[in-house]
Amino acid sequence: MSDFKTLDDVSFQGKRVLLRVDLNVPTEGGKVTDKTRIERVAGTIREIAGKGGRVVLLAHFGRPRGKRVEGESLAPVAEAVGKVLDRKVTFADDCIGEAAKTAIDALDDGEIVLLENTRFHEGEEKNDPDFAKALAANGDLYVNDAFSAAHRAHASTEGLAHLLPAYAGRAMQKELEALTKGLEKPTRPVCAVVGGAKVSTKIDLLENLVGRVDKLVIGGGMANTFLHAKGIAVGKSLAERDLSESAQKIMARAQEAGCEIILPVDAVVAKEFKAGAASNVHMIDTIPEDGMILDLGPASVERVKAAMSDSRTIVWNGPLGAFEIKPFDKGTVDAARYAARRTEAKAIVTVAGGGDTVAALNHAGVADAFTYVSTAGGAFLEWLEGKALPGVAALRKS
């Protein structure tokens, strides 16, 4: 983290601290149903408040498109934040103007206020300089703890960092440290595990990875596209046959870069996609015309494990089969549990992320055993693609 200023680099006593967090949490009937995102930033909030800072929480909620929308207020979330922190959290009916100023001026050292949804203003998503200045007017310092929103150049995620002394919060710091270990400055050899349904959504990711990792495991429906590109018949399996040329280019680029691509050599095949469907294991060159590849076969799982055994760092995005439906979860579960055991034995560093990935690792019961599991979604994927994240770049030391 030498490139970024963190909470270790500043005194908060008596300062108004604009703290950008991700509170875009699921709700039902005005109640928060999952407090995971609140819990992830609770440490930063407690630390700043504990050091005498006046904590001003900035966050977005939903997609109101610059207008006040009923049901997309952060008011119900303030209560949930207070419960997680076990302390009072007041709420202001706006994030700029008199309502925000009055609520912030009323704070004593160590107290906390949550401001209304930043996306109720058009200037937020447009990164409007005047809106950013209106936010900055109520703060002395800026802390960004919302990596999940760091791929957006919005006023509260990027613009503010140029107007006030800016720092990375603890959750942001933890994420950046994990990502540095994953691809920026990894211990080699590095193995990337990439799965999911479609190549089309991950072309940029694959093109970036083949130039940066030593081994690339491709599974899930996207592996079928690569198999088809190699002239292997995949029956009725999900495959983007029109992307054969893209797959061939990625394989050629990998060969030039010295990256070994690992594709399935056998598969679990069924005639229909439903729970408990009759299935058989076929070698990859004997897939029936009416068959669908729905999971890795046992020999393919062993190849994945061998790649992991040869590596010191694993970066994982996407399931290796149709893990949502048994028995087609076995390949993903077996590989994930093997990676978890290697991690617990201190043999490898494992960094994973992406919505389906988190669900798959939770399904396997190993999310807590990985070195780091990112819940950042789009920001994590853009990092894997090698793209600059505006909210992160703005925090770099000048």
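Biologist: What volume does the largest cavity have?

Modeller: This is a predicted model, in which local features need pLDDT of at least 70 and side-chain atom pairs count only at pLDDT 80 or more, while totals for chains, interfaces and linings use all residues. Residues are numbered from 1 along each chain as its sequence is written, and side-chain values use heavy atoms, with hydrogens and water left out. A cavity is a set of points, on a 1 Å grid over the protein atoms alone, where a 1.4 Å probe fits but cannot get out, and its volume is the space filled by probe spheres set on the points, which are joined across faces, edges and corners. The structure holds 1 cavity of 30 Å³ or more, and the volume of the largest cavity is about 50 Å³.

Biologist: Which element gives the largest share of the lining of the largest cavity?

Modeller: Lining residues, which have an atom within 4 Å of a point, are V217, I218, G219, I262, L263, P264, L296, S300, R303, V304 and L320. Two or more of these residues come from each of β10 (215-218) and α11 (298-309), where helices (H or I, at least four residues) and strands (E, at least two) are DSSP runs numbered from the N terminus. The largest share, 3 residues, comes from α11.

Biologist: How are α1 and α2 placed to each other, roughly parallel or roughly perpendicular?

Modeller: Helix α1 (residues 36-50) and helix α2 (residues 75-85) have axes 10 Å apart and pack at an angle of about 65°; axes are lines fitted to C-alpha atoms over the stretch in contact, and angles run from 0 to 180 degrees between N-to-C directions. Angles under 35 degrees count as roughly parallel, over 145 as roughly antiparallel, 65 to 115 as roughly perpendicular and the rest as oblique. The two helices, α1 and α2, are therefore roughly perpendicular.

Biologist: Which residues in α2 do those of α1 meet?

Modeller: Contact means heavy atoms within 4.5 Å. From α1, the residues I38, E39, A42, I45 and R46 take part, and in α2 they meet V77, A80, V81, V84 and L85.

Biologist: Where does P327, which a cis peptide bond joins to K326, lie?

Modeller: Omega is about 5° for the cis bond that joins K326 and P327, and the peptide bond from R188 to P189 is also cis, with omega near 5°. P189 is found in the loop between α7 (170-184) and β9 (190-194), whereas P327 lies in the loop between β15 (313-317) and α12 (330-344).

Technical notes:
On a 1 Å grid over the protein atoms alone, a cavity is a set of points where a 1.4 Å probe fits but cannot get out, and a pocket is an open set with protein on both sides within 12 Å along at least five of seven lines; lining residues have an atom within 4 Å of a point.
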